[in-house]
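Subject: A structure to look at

Dear colleague,

Please find below the structure that I promised to pass on to you, with the sequence beside it.

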There are 2 protein chains.
Amino acid sequence: MRSEFDFIQNIKKKYGLNKVGDDCAVLPKDAKTDMVITADMLVEDIDFRLDWTTPELIGAKALAISLSDIAAMGAKPVFALISLGLPKAVWETDFNDKFYKGFLTVARHYNVEMIGGDLSRTPDKIVIDSTVIGNIAKGKAILRSGAKPGDSIYVTGELGGASAGLMLLESGCRYSTSNDRKKQLITRQLRPIPQIKTGEQLSALGLATAMIDLSDGVSSDLLHICTMSGVGARIYCENLPYDRNLDELSFNSAQQAGLALNGGEDFELLFTGDEKQISNANLPGITRIGEITANVGIIEVVDQKGVSFLQPKGFRHF
Amino acid sequence: MRSEFDFIQNIKKKYGLNKVGDDCAVLPKDAKTDMVITADMLVEDIDFRLDWTTPELIGAKALAISLSDIAAMGAKPVFALISLGLPKAVWETDFNDKFYKGFLTVARHYNVEMIGGDLSRTPDKIVIDSTVIGNIAKGKAILRSGAKPGDSIYVTGELGGASAGLMLLESGCRYSTSNDRKKQLITRQLRPIPQIKTGEQLSALGLATAMIDLSDGVSSDLLHICTMSGVGARIYCENLPYDRNLDELSFNSAQQAGLALNGGEDFELLFTGDEKQISNANLPGITRIGEITANVGIIEVVDQKGVSFLQPKGFRHF
């Protein structure tokens with residue numbers, strides 16, 4: 001069956017949709033500024049479960065994942081729209097008050113103004129679509145398409161935590177657990193933090209040749225950069241910054257690498273650029289995990305056993 | 001139970017969301033231009049039924065209803081984003097190819113560029129959220145809040161057809177009917193036409209003091225203008241431009257007036273302004289249906305029997 005990525009590539013080509021395909025579309029705003037815009041849909045029982053989270057956290061995550069797309073362009077978020085579809089039974093609770101509280105608390109934290117959206121009824125599941133608009137200096141948006149052979153590959157923060165948190169939730173553990181490390185992993189899943197500041201620093205300093213946010217997992221998201229840039233990549237497993245709480249779940253090193261490479265929803269940034277320049281910039285909390293190669297579309301993974309070729313195993317809807 | 005309108009007013013006030021509450025939010029773009037933006041959600045079995053329409057028509061309508069919000073500001077639509085949530089079984093059909101074909105055919109017709117969105121999975125119903133961005137000369141967006149006592153009230157086109165089309169669909173009639181007038185009514189429901197050109201003319205000529213598109217019905221939508229403008233209104237039933245095909249359904253005049261006043265989804269424009277100026281402009285296809293009064297929040301309906309007070313009976317989700 002075709003994947004959603006194939007489908008999008010296909011309609012993009014068929015209808016000449018040149019602005020489709022990055023984390024955000026880039027639009028001209030004024031003489032000095034470009035505007036970026038993104039939309040993200042979250043669906044009950046596909047992207048979240050009511051018994052795993054809270055209305056406030058759902059609202060916070062709905063905005064955070066779109067802010068992460070803005071971060072992935074190096075832009076500053078400014079405005080948000082939120083469309084919310086609710087079953088009648090949920091409307092009759094205080095879900096929406098709490099949802100908007102969560103959404104608007106995050107909005108306020110990042111100085112984002114909520115300017116509109118829609119409120120609709122659904123037959124039986126909650127659906128959310130969040131749209132965020134950001135600004136960036138003209139021509140400075142960091143696309144997926146600029147990676148060059150020889151560039152180093154970096155990620156912000158730690159990897160695999162959100163996906164481990166999801167496994168914990170699936171196994172019956174809840175946010176209310178008294179185990180602090182498990183709680184932190186579940187928090188990575190339920191309450192992602194968009195890397196706005198690092199994104200803005202990278203665009204302001206002109207350091208990143210390509211960037212994407214880690215929503216589907218390193219394997220899938222790095223492949224997007226490789227495809228759009230016409231390059232390949234080599235990843236060093238021993239360099240991957242595993243989430244510090246992964247030990248809690250007693251995984252072996254291969255399982256940890258699997259979570260870090262394929263686990264979705266960490267919402268960290270993955271970017272490429274010149275090693276020397278980036279090293280000189282002393283950005284906090286970033287890790288060099290590999291380098292861009294000329295082997296178009298091929299991602300090599302180097303571990304103690306040698307070199308293997310990575311298949312994208314990150315999250316796909318279809 | 002509180003309505004969605006009360007809820008929106010409440011969070012607007014509570015969180016100081018000043019840009020929320022019109023057909024579109026108005027944002028500064030550059031020295032000469034403002035940007036307007038709107039989002040609209042459509043949900044299967046709430047807003048459309050798969051056995052009543054086609055994937056192409058759903059795609060066309062998803063864009064058309066957002067274009068209608070752009071028209072209601074007097075703006076020119078420029079960009080669109082579409083988020084589509086599909087059950088797996090629908091993904092495996094050609095629904096989405098046909099949906100995007102319908103969407104993009106309308107986009108092309110209005111010179112709107114599709115720039116992004118999202119593609120997601122839902123448990124069992126189709127959900128669509130369409131976002132459209134438009135441009136308008138700075139300060140020229142026509143808000144809901146500018147109506148003044150003494151202004152005349154106008155609508156474009158004919159009223160009640162979309163809602164009569166919905167009744168036909170509910171009674172088992174289909175688009176494939178050989179009755180041409182019934183087909184036209186069903187078309188009003190399934191394939192709305194946004195009044196972009198008239199909207200742009202009204203803003204270019206500076207003729208409208210307030211404007212809204214008729215999505216919920218005259219009674220509800222006129223009340224939005226009255227509430228936002230702090231005015232009242234008087235409607236003359238004999239002036240209402242009933243859809244020419246309503247006779248087909250052998251309604252009496254009271255039923256026709258009910259459809260024209262409360263029937264949703266005609267997606268015509270309702271606007272207010274100076275009678276002389278508007279008359280002199282010779283705009284095609286508009287009808288004067290009443291006038292704005294100083295009786296704040298009260299809508300009087302004048303028919304052969306005298307004056308009654310209109311209760312908003314238009315479409316509400318909750």
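B:Ile153 stands opposite B:Thr272, which belongs to strand 9 of chain B. The model is a predicted one, in which local features need pLDDT of at least 70 and side-chain atom pairs count only at pLDDT 80 or more, while totals for chains, interfaces and linings use all residues. Residues are numbered from 1 along each chain as its sequence is written, chains are lettered from A and ligands numbered from 1 in the order in which they are written, and side-chain values use heavy atoms, with hydrogens and water left out.

Helices (H or I, at least four residues) and strands (E, at least two) are DSSP runs, numbered from the N terminus, and two strands pair if DSSP finds at least two bridges between them. Strand 6 of chain B runs antiparallel to strand 9 (residues 269–273) of chain B, and four bridges join the two. Strand 6 of chain B also pairs with strand 10 (residues 286–293) of chain B, again in the antiparallel sense, over five bridges, and here B:Val155 stands opposite B:Thr287.

Is strand 6 of chain B, residues 152–156, buried or exposed? Five of its five residues are buried, so the strand is largely enclosed by the rest of the structure; buried means under 20% relative accessible area, exposed over 50%, and partly exposed in between, with a 1.4 Å probe and protein chains only. Both faces are covered, with B:Ser152, B:Tyr154 and B:Thr156 on one side and B:Ile153 and B:Val155 on the other.

**Two asparagines in loops**

Most residues other than glycine have a negative phi. B:Asn111, although not a glycine, has a positive phi of about 60 degrees; it is found in the loop between helix 4 (95–109) and strand 4 (113–121) of chain B, and is exposed, with a relative accessible area of 63%. B:Asn282 has a positive phi of about 50 degrees, lies in the loop between helix 10 (275–281) and strand 10 of chain B, and counts as exposed at 65% relative accessibility.

**Chain A and its sheet**

The secondary structure of chain A comes to 10 helices and 12 strands, and 58% of its 318 residues count as buried. An open sheet of five strands in chain A has the order 1-2-5-3-4, with mixed pairing. Strand 1 (25–28) and strand 4 (113–121) of chain A stand at the edges with a single partner strand each, so one side of each is left without a neighbour in the sheet. Strand 1 of chain A pairs with strand 2 (residues 33–43) of chain A in the antiparallel sense over four bridges, and the bridge partner of A:Leu27 in strand 2 is A:Met35.

**How the two chains are related**

Chain A can be laid on chain B with an RMSD of 0.0 Å by a turn of 180 degrees and a shift of 0.0 Å along the axis, where copies are superposed by least squares on the C-alpha atoms of residues with pLDDT of at least 70 in both. That is the relation of a two-fold axis. Of the residues of chain A, A:Asp30 comes closest to the rotation axis, with its C-alpha at 2.5 Å.

With kind regards
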